[in-house]
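Subject: Structure for you to look at

Hello,

Here is the structure I said I would pass on. Please open it alongside this email, and then read my notes on what was found in it.

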Amino acid sequence: MKKMMMFTLTVTLLSCSMAHTVSSAPKKINVIFNEKELKTQAGVEAKMIDGRVYIPANILRGARFSVEYKNSTLHLVNSYFLYTRNLMEMHVFNHVFTTRFNKMDQEVVHILGNVLLEEPVDFSKLHEFIAEAESNAGIRPENFTPVLDYNSFDFSDAGYSVESYKKASTELIAYVNTGDKERLKSFHEERKKALEYYDSYTYMYDRIFKLSYISATK
């Protein structure tokens, strides 16, 4: 329900000369934001009162602000900020996740090399890297602004890739301890799943990052 109520922001003129210039300007006051004129509705245009320019708050919707008046408080949020925050949150998440995933994969390759060379195998680092990957917190929903049909939960493939890699590591450890070729086969199958989930996550990350960038800059 729309309320017939006007809320205004004030821009204080800093000098008498500026006040004189504005007051002597045509009746209509144009409001320019980032070189784009913000449109006003009839009866709610910007006005000069006592040396100050008053503009209706809802005009800021043209500058991609959400404007909401609730409980005697005027809430203004700029969508540029929201999508820029997406980019920062995604960058941090992706850096942490990919670094930890690659550590796991590199350690598994190292272990396989030792197995082929019949050298002693140490699983301590692998356990450490798996624990680090599992602790990756991800992006909290309140810090992510949905873009098109995507939201923060679209990064779930990152978690699935870690789960599959953990299963693969368990099978690899069992093979090293028992020599059971079936466990080695299971290791390769689970590792393949993990890498497929990783590729799916990478595709989704690139797409959502691009959409957030476009939304933040258009």
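Among contacts in the protein (heavy atoms within 4.5 Å) between residues at least 6 apart in sequence, 66% join residues at least 24 apart.

This is a predicted model, in which local features need pLDDT of at least 70 and side-chain atom pairs count only at pLDDT 80 or more, while totals for chains, interfaces and linings use all residues. Residues are numbered from 1 along each chain as its sequence is written, and side-chain values use heavy atoms, with hydrogens and water left out.

The overall layout comes next. The protein has five helices and seven strands; these are DSSP runs numbered from the N terminus, with helices being H or I of at least four residues and strands E of at least two. Starting at the N terminus, the order of elements is β-α-β-β-β-β-β-β-α-α-α-α. Of the 218 residues in the protein, 33% are buried (under 20% relative accessible area, with exposed over 50% and partly exposed in between, using a 1.4 Å probe and protein chains only).

Now to a pair of helices. Helix α4 covers residues 156–178, which is 23 residues. From its first C-alpha to its last α4 reaches 34 Å, close to the 33 Å expected at 1.5 Å a residue (the expected span is 1.5 Å times one less than the number of residues). Glycine 179, with a positive phi near 75°, follows α4.

How do the axes of α4 and α5 cross, and within what distance do they come? They come within 7 Å and cross at roughly 160°. Axes here are lines fitted to C-alpha atoms, for helices over the stretch in contact, and angles run from 0 to 180 degrees between N-to-C directions. The crossing angle makes α4 roughly antiparallel to α5 (over 145 degrees; under 35 is roughly parallel, 65 to 115 roughly perpendicular and the rest oblique).

Serine 212 lies in helix α5, residues 181–217. Is serine 212 buried or exposed? Its relative accessible area is 0%, so serine 212 counts as buried. Leaving out residues up to four places away in sequence, serine 212 touches Tyr83, Asn86, Leu87, Met90 and Val147.

Histidine 110 belongs to helix α2, residues 79–116, and is partly exposed at 45% relative accessibility. Its C-alpha atom is separated by 9.1 Å from that of valine 121, eleven residues apart along the chain.

Regards
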